[in-house]
Amino acid sequence: MPWLGFDWHTRSAPIGSEELAEGMGPFMTYCIEQFGPERCMFESNFPPDKVSFSYNVMYNAFKRLSKGYSATERAAMFHYTAARVYRIGV
């Protein structure tokens, strides 16, 4: 979002997932370290965030940010934590 100060929305060329992961990384990594993957979930602020980057770029940035975690931890952050918290029976 523009109010975070990254100014990605002002660029003539859209941001890529590598740069997005680098920009969001410190915030997300801190949260995951503090709460653990079993209490964290990746989420989006779409459609408002599309002024700065595409949904695909964001999702790929999440994959980049989670690459150092185990398959079980990644599954928690991408699916199981949200399913549990929102009581979605899938």
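Student: Is D49 buried or exposed?
Tutor: D49 counts as buried, because its relative accessibility is 8%. Buried means under 20% relative accessible area, exposed means over 50%, and partly exposed is in between, using a 1.4 Å probe and protein chains only. One caution: this is a predicted model, where local features need pLDDT of at least 70, side-chain atom pairs count only at pLDDT 80 or more, and totals for chains, interfaces and linings use all residues. Residues are numbered from 1 along each chain as its sequence is written, and side-chain values use heavy atoms, with hydrogens and water left out.

Student: Where does D49 sit?
Tutor: D49 lies in the loop between helix 1 and helix 2. Its C-alpha is 24 Å from that of A75, which is 26 residues away along the chain.

Student: What else is in that loop?
Tutor: P47 is in the loop between helix 1 and helix 2. The peptide bond from F46 to P47 is cis, with omega near 15 degrees.

Student: Let's zoom out. How many helices and strands are there?
Tutor: The protein chain has 3 helices and 0 strands. From the N terminus, the order is α-α-α. Helices here are DSSP runs of H or I with at least four residues, strands are runs of E with at least two, and both are numbered from the N terminus.

Student: What does the chain span?
Tutor: The C-alpha trace spans about 40 × 25 × 20 Å along its principal axes. Of the 90 residues, 30% are buried.

Student: Now helix 1. Where does it bend?
Tutor: Helix 1 covers residues 17-35 and bends by about 55 degrees at G25. A proline, P26, follows within four residues. The bend at a residue is the angle between axes fitted to the seven residues ending there and the seven starting there.

Student: Which residues of helix 1 are buried?
Tutor: They are S17, L20, A21, G23, M24, G25, M28 and I32. These pack against helix 2 (55-66) and helix 3 (71-85).

Student: Is E22 buried or exposed?
Tutor: E22 is in helix 1, and it counts as exposed because its relative accessible area is 62%.

Student: How do helix 1 and helix 2 cross?
Tutor: Their axes come within 8 Å and cross at roughly 55 degrees. Helix 1 and helix 2 are therefore oblique to each other. Axes are lines fitted to C-alpha atoms, for helices over the stretch in contact, and angles run from 0 to 180 degrees between N-to-C directions. Under 35 degrees counts as roughly parallel, over 145 as roughly antiparallel, 65 to 115 as roughly perpendicular, and the rest as oblique.

Student: Which residues make the contact?
Tutor: Helix 1 uses S17, E18, L20, A21, M24, G25 and M28. Helix 2 uses V57, M58, N60, A61, F62, R64 and L65.

Student: What about helix 2 and helix 3?
Tutor: The axes of helix 2 and helix 3 come within 10 Å and cross at roughly 150 degrees. That makes helix 2 roughly antiparallel to helix 3. The contact is made by Y59, F62, K63 and S66 of helix 2 and R74, M77 and F78 of helix 3.

Student: Where does helix 3 bend?
Tutor: Helix 3 bends by about 55 degrees at M77. Its buried residues are A76, M77, T81 and A83.

Student: Tell me about T81. What does it touch?
Tutor: T81 touches P37, E38, R39, C40, M41 and A76, leaving out residues up to four places away in sequence. T81 counts as buried because its relative accessibility is 2%.

Student: Last one: what follows helix 3?
Tutor: R87 follows helix 3, and its phi is positive. The value is near 55 degrees, in a residue other than glycine. R87 is exposed, with a relative accessible area of 79%.

Definitions and conventions:
Contact means heavy atoms within 4.5 Å.
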